[in-house]
Amino acid sequence: MSESLSASLETPATAAAPKGLFRRLLKNPLGAASLGVLTLIVLTALLAPVLAPHDPDAASANDILASPSSNFLLGADGSGHDILSRLLYASRVSLAGAALALAVAAALGVTAGLVSGYYGRWFETASTWVTNLLMALPGVVALLAVRAAVGPSLWTTMAIFGVLLSPAFYRVVYTAVSGVRNELYVDAARVSGLRDPRIISRHILIVVRAPAIILAASIGSVAIAIQSGITFLGLGDPSVPTWGGMLNDAFANMYTAPLQLTWPSLAIGLTAISLTLLSNALRDELERSSRPKRRRGRRDAGTATVRHEPVLVHEDTEDTEDAPSGEILLDVQGLTVSYDQADGSAKTVVEDVSLTVRRGEVHGLIGESGSGKTQTAFAIMRLMPPGGQVAGSILFEGADLARLSAKEMTRLRGKKIAYIPQEPMSNIDPSFSIGSQLVEPMRVQLGLSKAEARDRALRLLARVGIPDPERTFNAYPHEVSGGMAQRVLIAGAVSCDPDLLIADEPTTALDVTVQAEVLDLLRDLQSDLNMGVILVTHNFGVVADLCDRVSVMRGGRIVETGAVQSIFDDPRHSYTQSLFEAILDDSRPRGPLETDVTAAASTQGASS
Amino acid sequence: MSERLLEVDDVVVDYPVKGLRKKPFRALNGVSLDIRPGETVGLVGESGSGKTTLGRAVLGLAPVTGGAIRYNGRDISGLSRSERRKLAAEIQVVFQDPYTSLNPSLTIEQILVEPLTAQDVAKSDATRRVRELLDQVHLPSDAGGRLPREFSGGQRQRIAIARALALSPQLIVCDEPVSALDLSTQARVLRLFEEIQNRTGVAYLFVSHDLAVVRHLSHRVAVMYRGEIVEWGDGDQVTARPQHPYTQKLFLAAPVPDPAAQRRRRAERTRLLADGA
Amino acid sequence: MYRFIVRRLASGVVLIAILTTLTFFLLYLSGGDIARRIVGEGATEEAVQAKAHELGLDRSVWSQFTDWLSHAVSGDLGSSWFNGQPVSDAISSRLSVTLSLVIGATLLTAVLATVLGVVAATRGGWVDRVVQFLGVLGHAIPNFLIAIGLVSLLAVQWHWFDATGYTEFADSPSRWLSSITLPVLALVTGAVSSVAQQVRGAVIDALRQDYVRTLRSRGLSETRVIYRHVLRNAAGPALSYLGVQFVGLIGGAVIIEQIFAIPGLGQVAVGATSQGDIPLVMGLVMVTAVIVVVLNLLVDLAQGWLNPKVRHA
């Protein structure tokens, strides 16, 4: 069933993927086994006239409930039919019935899903309504009503059951298509002048194909189950042998011939399980192959390894007089962060990083994506994604954070070391009010009463420049703007008077005017609370604005470190120099278009 | 100099809002500008200012409810899909996100051939053109057989540029084409944009939130705020001596990568805000 | 929130109206020679005519429909064609049995699936693998097969439970429990395994969100992060799925009741269907639709309570 579906959906542009998929499916043990069982079942059904030892409808009163023998390999049923022969013929009916339901469901659901997902408008509204209507009744109840109306016709019943199943396809296809409808590559195809049918066949069907095939296998299993269920209830056509009908007969004779229940049960169970396992194997294989290595924004992802070389250190001189000279708050030595890989190896993303932060000092970590700057920040808080390992030492107030237990670390977080994330909106729990998320850590870490914590939260909100603290306190995350949300996160970070603040690109997601305000706020809070700060950023403007010291990272290592003024005046590492050269701020404006360029353009533009 | 490639004349864009009797959202409110052949017009503004909508309106991807967009003197704002298709050879696009603007399941060659075959270019000519295009954007000629995920962000953006160039358009709408890229990659891609313009004389409508990028590349600059253009003129004029208070605020808000200069800019900004308040 | 409820309620009423209209015309237009079936094959033409007239079958379908509708609105769903019992009586006496079966199964499913899903998502390891494996099996094996397996082994072979029949709770609580254990077990197996899968997926999704890291950075313990924040966010998708399962369980109950000879709606439904007792089938469709609409409303309300975005929409 699934093969024919995949063939019909296949487009020439993507022939490569599904061919490989079928081969991979055969290598997957579950996939191969279920495919094998299904092939066997389909074959026996097709070859029933050849394989069956008896006429499935031949019954003799002498053989009623006969035990298995050489004549009746599986015995005879309550009317004296040979069970094996009937089982083989029943396979044909049961499979064909399920296939009919599946085909109807797929044809209706996929078409409607494609049209309403791609074009939307009134068709989308109408389809959603019909879907809700079809799903307002349990399938079995709806089928009973249909049976009452049309009588015991298996094919009509299964075709109508297909209609009832079609919402499953509709939803899957609709979700996939409406998700891809606004993808930029579809827009690009429109701008390229592609016609709709071509856009659908090239860009839309691809995303539909995988989920539709997976669903088809799974729906096939449902169709087998319901079809057997209906016939088991005795509502099928009694003249046609079906698995459910045989089960009904065996169930009636449960006390005298219990073994007879086994055969139809086995047929139904094996088919349904194989289809489900096939669907799972398909999903596993598709997920394994098509997991896009999409890197979002400037999050540090993979890291290129760079050859070992000494860190260029700018020694402090008298010129850097205004650098803070408080006690050393954080002393990181030889920090290495690695992740366990599926194949047992470890992938190193931060290697041999050493840095110090004094009280009242802002230490910038700057680098491009994949340089390891965010990983370094996470490692200091011990908040790496699962599988992360830390080596080296992270001395903070006399304790080595690299060696603290999870419990001891939890006690430090928020109270001693706080964190400001990059994306404001995704970093607030959408299910809780802003106020309750501010109050909760203060109650846990500072042991404040509810009223005290609320009071303090309101004062914090006012402190970070929120115009109406009371209203924001009661608001939910989706009700505030990104700039406001970032102020709330900053309020949360400083709520327990931390000594060290770790800010991971705190202004990257913000508009430039909001960024300026947030930078001002961070500067004020930092000097008010005399915190040490690690500021992760990719923006030299932000470093110039806020930092006392900066370390330039590349490939998981620090290549150059020193006082900000010193690095900006005299970048020594070739990589730092290349970064400075890429800065456009001090480049000259391009100036108005010169006329001779215009003349050249009108002649060249068309011919090139 | 009077020749105009594109004229945006008092354009209004309303997006319908879900729900009965809800007032539509006005994304553009009477916006006018023009682009000459071979010119780069920078469009700068913050999120929600309407700069991306203007780009999409020019591409025919946003509903124009008022005003006109004239290309070589002809109004293209209300064209049917089939008439619009003919414009594909004239106006092209490079989008912001190099990870979603290329279909992940097509090879580079399939992506680059697509606009050509849509204009009924013969298959063999199209394949030859693909090699030229890859060369133009400095990618190896064997890149055609690979999938987008095998390329870095900067390389993917080069592929997107190659796709835009495939039909030798007169105008390319660039929607934040370098803002998802790292600093050094960004510089290289911008250099490519400039190089292509100098060679082919294509005009750019260059949309960006980054003032430094816009100033670097644009002959003329328009500043957008809440669906309107608040300032519009020669690039050196607008970016060095902004007249409108919003433009001034915007320019002072961007931190300069130089501690001493940034201290001065910060002081200036504080003064401006104090005066304004 | 108030407007949200009214809107959902209104769309539910419209849904029921459309559904019953469709069902009515489907049933009455294709009913065939019903009067003859009722009075029997051997009856005279006059007797058939008289029966048809008595049931109003000789009138136009439209007038039959308006007639049925005007009665249905006031709660009168007509009478059975075969034994004359009022449809509402036939249904109400059986409704509680089926509902207790289905609601019991749903509650049990919710509890077991949540525990299994959360443990699988947060602990990983062998628990995770077992839950995933059971999820596949539970989805694949039809619940009537499980029921038959339970009956033939636990009741017929080993006599641990009554094979069939149903005892009212009021009559004997222990007998009631014994009579309901196997049916509920048969219904729950499939539902638990697939809901647990959903819970597992929803919890894993929620654990991947950025705010989880931020909550940890504030010094909240792992238990607090998971049971207060992650679970709350995972509850929405899991609840929607549980709602779908409930509808599925009503369908499952029809077959399960047949196997265990439980006098619920399922038995009425199967009987009415095979006889062609149209008023009774009509009533059953309507009652089921009302149950589903009420259920969806409850799910929507719970979603609104869980998710502030829904509440403020």
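1. T374(A) is buried, with a relative accessible area of 3%; buried means under 20% relative accessible area, exposed over 50% and partly exposed in between, with a 1.4 Å probe and protein chains only. The residue T374(A) belongs to helix α13 of chain A, residues 373-381. Its side chain makes a polar contact with the side chain of D504(A) at 3.2 Å. A polar contact is a pair of N or O atoms within 3.5 Å; within protein, one must be able to donate a hydrogen and the other to accept it, and residues adjacent in sequence count only if both atoms are side-chain atoms.

2. This is a predicted model, in which local features need pLDDT of at least 70 and side-chain atom pairs count only at pLDDT 80 or more, while totals for chains, interfaces and linings use all residues. Residues are numbered from 1 along each chain as its sequence is written, chains are lettered from A and ligands numbered from 1 in the order in which they are written, and side-chain values use heavy atoms, leaving out hydrogens and water.

3. Chain C has 13 helices and 0 strands; helices (H or I, at least four residues) and strands (E, at least two) are DSSP runs, numbered from the N terminus. Of the 313 residues in chain C, 50% are buried. The C-alpha atoms of chain C fill a box of roughly 85 × 55 × 35 Å along the principal axes.

4. Chains B and C have no contact, and their closest C-alpha atoms lie 11 Å apart.

Methods
Contact = heavy atoms within 4.5 Å.
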